[in-house]
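User: I would like to go through a protein model by question and answer. Please keep the terms plain.
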Amino acid sequence: MPNTLNPLELIARRWQPSAAFVRRAALAAVVMAVIIVVTGGAVRLSQSGLGCSTWPKCTPDSLTPTAAMGINGLIEFGNRMLTYVLCAVIGLFIIAARARHPRRRALTRLGWAQFWIVMSNAVVGGITVLTGLNPYIVSAHFLASTALLTVAVVTWKRAGEGDEEPRDLVARPVRQLAWLLVAASGALTVLGTVVTGAGPHAGDARKVHRIAVDWQEITQLHVDFVYIVVGLTVALWFTLRAVKAPAAPRRAVLELFVCLAAQGVIGYVQYFTGLPAFVVGLHMLGSALVWICVLRVAMSLRDRGPLPEGEPAAPAAPDAHEVSGPQPAAASSR
């Protein structure tokens, strides 16, 4: 009995994407992960968090929004539909990574990790609606989106490098400083969700429960961590110069510093202008870009060698009539 091939194996036998295509597909997943963060913020900032009153349907009687729900229903439902676009992009990456020869299991595993994070976060989003925008669940929803962005960035990086054992480009204390920067940036992101959960943008025009902390105090703590992250970034840049590190890590740190500077300007503008929704949305975009830059800095300090060279796909299995009948001509031509 012939072996039954799964659909991904069948595609791999007939399509050979280039390494550049796989990397572009990984980058597309990063872009979509950022878009999901921004559009999720737009749902909250436009007070559309309960535009669909239930989940998984939009209303108890309708899968899609009705005319009576107005623009809020369309915004909330549109954000839900973007999840399918995100899944399609991740699916394209998984197929391309599986079809690429030689096969790199690490890439397909990272792609599937993204898919399952999206599925789990869709459930968290549903719980967010069913609990009436509980601020703690809303924060978990955002942090799950950040987890997706993290895996997507790692996948993008891995798609452009080889599979050798990581080789450190700098000494261990320098790497420790970089990971301290990652930890501080992660804490900054978590504090940002607390600021959001305690702040005025609850996600719906009706009275919604908020995190019971002093908004001014938690905002100040958030700002304090901004200074810590900026200080660590500057310290890392000078350290890399002192140890004569390769150009790529130093460039990555400079990109992070520029992103932090822009994000700081946006943060102060939103604070002193009374948190206008558009500026807060820009700040959410900036937080995603800062996190991407932080991850790129950490991953730039090691090297995994060049990409494996492409190989031709495995030949398709011959048909039954081809193997049953005599083929003297084919035999003599080989």
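Predicted model: local features only at pLDDT ≥ 70, side-chain atom pairs only at ≥ 80, totals over all residues.

Analyst: Residues are numbered from 1 along each chain as its sequence is written, and side-chain values use heavy atoms, with hydrogens and water left out.

User: How many helices and strands does the protein chain have?

Analyst: Helices (H or I, at least four residues) and strands (E, at least two) are DSSP runs, numbered from the N terminus. From that end, the order is α-α-α-α-α-β-α-α-α-α-β-α-α. The count is eleven helices and two strands.

User: How many residues apart are aspartate 303 and arginine 167?

Analyst: Their side chains meet in a salt bridge at 3.4 Å, N to O; the term means a side-chain nitrogen of Lys or Arg within 4 Å of a carboxyl oxygen of Asp or Glu. Aspartate 303 lies in strand E2 and arginine 167 in strand E1, so the pair links distant parts of the chain, 136 residues apart.

User: Is isoleucine 127 buried, partly exposed or exposed?

Analyst: Isoleucine 127 sits in helix H4, residues 105-130. Buried means under 20% relative accessible area, exposed over 50%, and partly exposed in between (1.4 Å probe, protein chains only). Isoleucine 127 has 37% relative accessibility, so the residue counts as partly exposed.
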